[in-house]
Amino acid sequence: MSPYELTRTLPEDATDAALRADVLHGLTQSPKSLPPKWFYDARGSELFEEITALDEYYPTRAEREILLARAPEIAAATGARTLVELGSGSSDKTRHLLDALPLLHSYVPVDVSGSALTGAADTLLAERPDLHVHALIADFTKELTLPDTPGPRLVAFLGGTIGNLLPDERADFLASVRAMLVPGDALLLGTDLVKDESVLVRAYDDASGVTAAFNKNVLAVVDRELGADFDPADFDHVALWDSGQRWIEMRLRARRDLTVKIPELDLVVTFEAGEEMRTEVSAKFTQTTVRSELAGAGMELAHWWTDEAGRFALSLATAV
């Protein structure tokens, strides 16, 4: 079996420290908010997998359709010998790229979860014993130092996750990606596209309530990790389309006046009946907005692929 390396660039207590900082900041602001990354404990990850199989939730299927159809074109356009995946998780969709890159030498998955990286690496190496995997336990929104692997490199950021970043955060992120690229490297970016409001809202507010449970799971994470006494039954799941910002917002709306104690932060938080706390934004794009944001970071849109229904896009960008 080929080598597997794991490099930690985050301190052991980085996740706990980040959760504390995010909860303290978000729940003392007006309006209140919590970042969507805290949905994803073990239960949250299970719920998200259920979401991807729902009829209403199209992005995962649409992106997979593009990857299956266009992976050979992506391989031909990049000639990549190293694939870097930001926010790799289980590396499930990446398999379509790995299979299509004939010159591939190294795969560099980047994630904050060491267990997810190890599990994905074990699975991939069992299937592809000649692949070299060098995993990074790192926060992809921060500056990254990539391992010394052969170029050209293809940096993949899939799933439409870039839409979870606010505009200034997206600009900073794309600039950090640009800083990683040398001549010959490329960025493969997944973006969900602007479409009819009813389609978008249904994707984030399914009839069976799976997304509602996923949204409320952030409260369970804060309860477990910080000793809080949130009761998910005290909140309603809300999903709405903000046409001005071109994003879906997920919120939790208090059903009654509430007082929540968070002992680990020595914090008491009050909610008025009807008060909403934002838990996610999911920005939607057009080819024009993607091109503009890439250009603002010093990259040029070279290829643009969508699924047959035009719901989702993969774009390939190079440094200018």
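This is a predicted model: local features need pLDDT of at least 70, side-chain atom pairs count only at pLDDT 80 or more; totals for chains, interfaces and linings use all residues.
## A three-stranded sheet

Strands E7, E8 and E11 form an open sheet in that order, and their pairing is antiparallel. E7 (235-242) and E11 are the edge strands, each of which pairs on one side only. On average, neighbouring strands of this sheet are turned by 20° against each other, direction ignored. Strands of a sheet pair through backbone hydrogen bonds, either parallel or antiparallel.

The antiparallel pairing of E7 with E8 (residues 247-254) runs over 8 bridges. One of the residues involved is Asp-236, whose bridge partner in E8 is Arg-253.

## Loop residues with positive phi

The loop between E7 and E8 contains Arg-246. This residue is not a glycine, yet its phi is positive, at about 55°. Arg-246 counts as partly exposed because its relative accessible area is 35%, which lies between the limits of 20% and 50%.

Asp-266 belongs to the loop between strand E9 (258-262) and E10. Asp-266 is likewise not a glycine and has a positive phi of about 50°. Its relative accessibility is 74%, so Asp-266 counts as exposed; the limit for that class is over 50%.

Glu-275 is placed in the loop between strand E10 (267-271) and strand E11 (276-283). With 22% relative accessibility, Glu-275 is classed as partly exposed.

Apart from neighbours within four places in sequence, Glu-275 is in contact with Lys-32, Leu-252, Arg-253, Ala-254 and Thr-270. Arg-253, one of these contacts, is also the bridge partner of Asp-236. Between Glu-275 and Leu-101 there are 50 Å in space, C-alpha to C-alpha, and the two residues are 174 residues apart in sequence.

## Two cis peptide bonds

Ser-30 and Pro-31 are joined by a cis peptide bond, with omega near 0°. Pro-31 is located in the loop between helix H1 (14-26) and helix H2 (42-52).

The peptide bond between Gly-151 and Pro-152 is also cis, and its omega is about 0°. Pro-152 lies in the loop that links strand E4 (132-137) and strand E5 (153-157).

## The cavity

The structure has 1 cavity of 30 Å³ or more. The space in the largest cavity is about 40 Å³. Its lining consists of Ile-162, Leu-174, Leu-189, Thr-191, Phe-285, Val-290, Glu-293 and Leu-294.

By type, the lining residues are 6 nonpolar, 1 polar and 1 charged. Strand E6 (186-192) and helix H9 (287-296) each contribute at least two residues to this lining, and H9 gives the most, with 3 residues.

How values were computed: Residues are numbered from 1 along each chain as its sequence is written. Side-chain values use heavy atoms; hydrogens and water are left out. Helices (H or I, at least four residues) and strands (E, at least two) are DSSP runs, numbered from the N terminus. Buried means under 20% relative accessible area, exposed over 50%, partly exposed in between (1.4 Å probe, protein chains only). Contact means heavy atoms within 4.5 Å. On a 1 Å grid over the protein atoms alone, a cavity is a set of points where a 1.4 Å probe fits but cannot get out, and a pocket is an open set with protein on both sides within 12 Å along at least five of seven lines; lining residues have an atom within 4 Å of a point. Grid points are joined across faces, edges and corners, and a volume is the space filled by probe spheres set on the points. Ala, Val, Leu, Ile, Met, Phe, Trp, Tyr, Cys and Pro count as nonpolar, Asp, Glu, Lys and Arg as charged, and the others, Gly among them, as polar. Two strands pair if DSSP finds at least two bridges between them. Axes are lines fitted to C-alpha atoms, for helices over the stretch in contact, and angles run from 0 to 180 degrees between N-to-C directions.
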